[in-house]
Amino acid sequence: MIQERQRLPSGPVGLPVVGYSPFLGQHPHKAITKLGDKYGSVFTLQLGVNNVVVLNDWEAARDAFNKDAFLGKPLHTAFTVLTEAKSLIDENGDVWRDQRRSALQVLRDLGFGKGSMEERIIDEISYLTKCIDETNGEPMDIHEVLVPSMSNNISHLLFGHRFDYNEPRRKIFDKFLDETSSRFSIIGTIAMSPIWFSKIFFKLGNIINRSGFDAMVSIFESEISSHRKSLDTNNKRDYIDGYLAEMEVRQRKDPNTHFTLKALDANARAFFGAGSETVRTTTEWLLLLSAKYSEHQKRIHEEIDSVVGRDRSPCYADRLHMPFTQAFINEVMRYKTTIPVNLMRRTTEDTSVLGHFIPKDTQVLANIWAVHNDPKVWHKPQEFSPKRFLTSDDKEVIKIDAWIPFSYGKRNCVGETLGRVEVFLYFVSLLQKYTISAANDEVLTLEERFGLSLQPKHKPILIFNKRY
Ligand code: HEM
């Protein structure tokens, strides 16, 4: 460990076994960013028993993520304690490349990024607005209904159908995901590697609701099994069908292929985890920041009224005529970066970042929050200012390379297109219908809770007044 450390960039010294983790506090993304003042943009941090190289600004993140050597994943993470099958999020090398390529192909075949996907999302939003309408302008905890709403979009993608909000199966996996994401943090998952350490920690800390996890696994298994019975390879209904069809072809060519039912199960669960909470958290911040900055909300209302009007639902193409709305969304995704520290990477060969030598098999963490608050890129990054994404005449949206909420490079977010479409359609549909305000001052503090994603600390209790 000490020898390993000597080969790595310098950094703060931590305690035996737990490393620097206890000093990172409630907001590790900010604490790590601050360490950059002393140690620069590339340094080593001991998290648990692991030495992790941190990329702490845009220059360092860009330099690393342009290199294939940084595409690896740790061989064990806290999640591999739960199940031996790895999803494409945890896979390495050719298996990862192949599973990722195939997932993207299935998404394209299913029309993701096209109109059919948008229709389904708009349909799902109609269930949400029905619930909101029932509140008649009384305060409501929007989190409670956004959870099932967002996970239904992923249910559609995976299983080809939605679940009623009150359906017991839906409640099982929503509860599991919600609980896990608030008990866990990315930093925690790193500090809990290697596997023996996580096993002890899980037992002592009752971190994972094992029965909730098992119940979720059995729902996925039963969906996969019913899809196998009704599979028609000429008419693929969803991701499971697409994967099963690909698996059939692969297994005919090579019985040892890595396209297996176990991998399908792991991928499907990974999509669920990665694709519902992220979009939900982003949407919660969008609504909270609209409530806080009513002058911005007014401008978005005006843009919606002139581009979409009141008689039809919004579509993703509308964004091209809505520069302020787009700038507002971009700024929210910068200011409240959904995944503030990126998922862990591992170097697959000896390499370097900005001249610092990084040996093979080093764990690497990009601090996306630091990139989004890098004063070399952003003017007064601590201020919330949608204008930074607009040209001086306010007519066009400016593309800023250091805006990387979906990460950057060849291993960026697989669901970026779906995520962008969902965020836009949810936000614009809700503002088309309602004026949003906060039910109390606590909501408007915009305090954060650092879990698997960066969530609002206080329940997002909001008031939705119908606009017409
Ligand atoms: C606002 C919404 C979202 C945000 C902010 C987001 C962000 C991210 C980030 C930061 C990563 C890490 C990439 C890296 O290692 O560099 C990631 C990976 C991933 N995301 Fe998303 N995501 C979102 C929505 C989605 C959706 C809707 C899906 C699924 C349909 C999804 C599926 C995945 C998967 C499978 C990976 C792993 C990719 C790989 O390792 O090759 N995400 N996402």
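Colleague: Let's begin at Arg5. Which residues is Arg5 in contact with, leaving aside its neighbours within four places in sequence?

Modeller: Ser10, Gly11, Pro12, Thr44, Leu45, Gln46 and Asn51. Each is listed because contact means heavy atoms within 4.5 Å. Bear in mind that this is a predicted model: local features need pLDDT of at least 70, side-chain atom pairs count only at pLDDT 80 or more, and totals for chains, interfaces and linings use all residues. Residues are numbered from 1 along each chain as its sequence is written, and side-chain values use heavy atoms, with hydrogens and water left out.

Colleague: What places Arg5 in a helix?

Modeller: Arg5 falls in α1, residues 2-6. Helices here are DSSP runs of H or I with at least four residues, strands are runs of E with at least two, and both are numbered from the N terminus.

Colleague: How do you know which protein atom is a donor to the iron of the ligand?

Modeller: By distance. Donors are N, O and S atoms within 2.8 Å of the metal (3.2 Å for Na, K and Ca). The SG of Cys413 is 2.3 Å away and is the single donor from the protein. Water is not among the atoms, so sites may look incomplete. Cys413 itself sits in the loop between α15 (368-372) and α16 (416-433).

Colleague: α16 brings me to its partner α14. How is their crossing described?

Modeller: Their axes come within 11 Å and cross at roughly 115 degrees. The axes are lines fitted to C-alpha atoms, for helices over the stretch in contact, and angles run from 0 to 180 degrees between N-to-C directions.

Colleague: Which residues meet there?

Modeller: Thr325, Phe328 and Ile329 in α14 meet Val423, Phe424, Phe427 and Val428 in α16. They divide into 6 nonpolar, 1 polar and no charged. Ala, Val, Leu, Ile, Met, Phe, Trp, Tyr, Cys and Pro count as nonpolar, Asp, Glu, Lys and Arg as charged, and the others, Gly among them, as polar.

Colleague: Why is Thr325 called buried?

Modeller: Buried means under 20% relative accessible area, exposed means over 50%, and partly exposed is in between (1.4 Å probe, protein chains only). Thr325 has 0%, so it is buried. Not counting residues up to four places away in sequence, Thr325 touches Ile300 and Glu303 as well as Phe424, Phe427 and Val428.

Colleague: What about Gly309: buried or exposed?

Modeller: Gly309 comes out at 18%, under the limit, so it is buried. The glycine is in the loop between α13 (294-307) and α14 (323-335).

Colleague: Why is Lys73 called buried?

Modeller: Lys73 has a relative accessible area of 5%, so it passes the same test. Lys73 lies in the loop between α3 (58-65) and α4 (93-109), and its side chain reaches the backbone oxygen of Ile89 at 3.0 Å. Lys73 and Thr348 are 275 residues apart in sequence, yet 8.6 Å apart C-alpha to C-alpha.

Colleague: Which label does Asn136 get, buried or exposed?

Modeller: Asn136 is at 69%, over 50%, so it counts as exposed. Asn136 lies in the loop between α5 (115-134) and β3 (140-141), and has a positive phi of about 50 degrees although it is not a glycine.

Colleague: Last one: why is Phe173 called buried?

Modeller: Phe173 has 0% relative accessible area, so the label holds. Phe173 is in helix α7 (residues 168-183), and its contacts beyond four places in sequence include Phe159, Phe163 and Phe272.

Methods. Polar contact = N/O pair within 3.5 Å; in protein donor to acceptor, adjacent residues only side chain to side chain.
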